[in-house]
Amino acid sequence: MVPSQLQCLFAAAKQIMDRHTPLIEQEALATMLETGAYNRHVKRVRRATASGGKTCSTLCAADLAIYSNRRRQPPSFHVVVWFRDLPKRPKQR
């Protein structure tokens, strides 16, 4: 909730930034948050992707070990890899 003294400023900023507010999506998300459905969904998706994330992480670690330093992180489909010995790219003009 925006304080009443800032509502006009925020409304003007929103008009500059975009012309569309996805009302149906916002209502659906608000309902999911209020009923706890969003938290259940996130937990379900995390469980479903955990094994695939572990597999992806293991494969990347094995295949890229000689080329990189892989950062330890929770299992997910997002992997951060720092490649060693790559030449620095010259600056673009």
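Which backbone oxygen does the side chain of Arg 40 reach?

Reply: The side chain of Arg 40 reaches the backbone oxygen of Thr 35, at 3.4 Å. That is a polar contact: a pair of N or O atoms within 3.5 Å, where, within protein, one must be able to donate a hydrogen and the other to accept it, and residues adjacent in sequence count only if both atoms are side-chain atoms.

A word on the source. This is a predicted model, where local features need pLDDT of at least 70, side-chain atom pairs count only at pLDDT 80 or more, and totals for chains, interfaces and linings use all residues. Residues are numbered from 1 along each chain as its sequence is written, and side-chain values use heavy atoms, with hydrogens and water left out.

Arg 40 sits in helix H3, residues 37–64. Helices are DSSP runs of H or I, at least four residues long, and strands are runs of E, at least two; both are numbered from the N terminus. Arg 40 is partly exposed, at 47% relative accessibility. Buried means under 20% relative accessible area, exposed over 50%, and partly exposed in between, with a 1.4 Å probe and protein chains only.

Now take Leu 33. This residue lies in helix H2. Leu 33 is exposed, with a relative accessible area of 53%.

Step back to the chain. Its secondary structure is three helices and two strands. From the N terminus on, the order is α-α-α-β-β. Of the 93 residues in the chain, 4% are buried.
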